[in-house]
Amino acid sequence: MKKTIVIPTDFTFQSLNVLKTVLSKNEENISFNIILLHGISLSDSIRDLLFFSKSKLMNTLSNKEFDEACEVIRNKYASQINSFKLDLFTGYTQSAFNNYIDAKEVDEVYISNITLEKPHKKSFDLMPYIQKSKVELYEVKWTTEGNVPEQGKLAEVFLNRVTVS
C-alpha cells in the first residue's frame, strides 16, 4: 500500500524528526511518497517571475547538514520510501492549497509540536492552510533526550522521544 504524506519543513532538523518518527512507527509496511513542503511568497515583479528558478531558491533555503540528514533518512528507511521530494508552495489562498493537496494526491499531513522557523524573508506558515484543509492531520510531539552521546544536530535526528497524536 502506498501513501502520500506532506510534512511542512523549514529546512531544519525538526521536520526531519517528524519524518523519522513516521517512518520508524510504520508497522504496516506502507510505502510512502514523501513531500517536505515549505511555504514561500513569490514576488509580484514580472522581472523576478521571469527569472525565477525553483531549484536556485531551494538551494538557498537548504543547507549541507539538512541535505546530509535527508540522505541518512533515505538510506536508513529505503524500503519504506517510494519517493522523496522537497517542494515549495507558492499559493496565496486556501483553494490553491487544496488544489495542491488534490494534485499531489496527499493522504496525510504530519506536523511537529514545535513551531517552524522562517528561513527566508518571504517564507510563510503553512499551518492555517493545513488546518482548514480536509486532509488527515497528525501531530508528532517530540523531545530530545537530555544526554546526547554524540555532538551535532545530525545525532538528534535519531536520538529523541516521540508520540504521535
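Two strands are said to pair if DSSP finds at least two bridges between them. Strands (E, at least two residues) and helices (H or I, at least four) are themselves DSSP runs, numbered from the N terminus. The structure described here is a predicted model, in which local features need pLDDT of at least 70 and side-chain atom pairs count only at pLDDT 80 or more, while totals for chains, interfaces and linings use all residues. Residues are numbered from 1 along each chain as its sequence is written, and side-chain values use heavy atoms, with hydrogens and water left out.

Strand β1 (residues 2–8) pairs with β2 in the parallel sense over seven bridges, with Thr-4 opposite Asn-33. Strand β3 (residues 81–89) also runs parallel to β2, joined to it by eight bridges, and there Leu-88 is the bridge partner of His-38. Strand β5 (residues 123–124), by contrast, runs antiparallel to β2 and is joined to it by two bridges; its Phe-124 stands opposite Gly-39. Ten of the ten residues of β2 (31–40) are buried, where buried means under 20% relative accessible area, exposed over 50%, and partly exposed in between (1.4 Å probe, protein chains only).

Eleven of the twelve residues of α1 are buried, so the helix is largely enclosed by the rest of the structure. Among them are Phe-13, Leu-16 and Val-22.

Charged side chains come next. A salt bridge places a side-chain nitrogen of Lys or Arg within 4 Å of a carboxyl oxygen of Asp or Glu, and the whole structure holds five. In one of these, Glu-108 meets Lys-3 at 2.8 Å, N to O. Because Glu-108 lies in strand β4 (residues 108–112) and Lys-3 in β1, this pair ties together parts that are 105 residues apart in sequence. Glu-108 is buried at 5% relative accessibility, and Lys-3 is buried at 17%.

Asp-87 forms a salt bridge with Lys-54, their closest N and O atoms being 2.4 Å apart. Asp-87 lies in strand β3 and Lys-54 in helix α3, so the pair links parts 33 residues apart in sequence. Here Asp-87 is buried at 2% relative accessibility, whereas Lys-54 is partly exposed at 36%. Together with Lys-85, these two residues are linked in a network of salt bridges.
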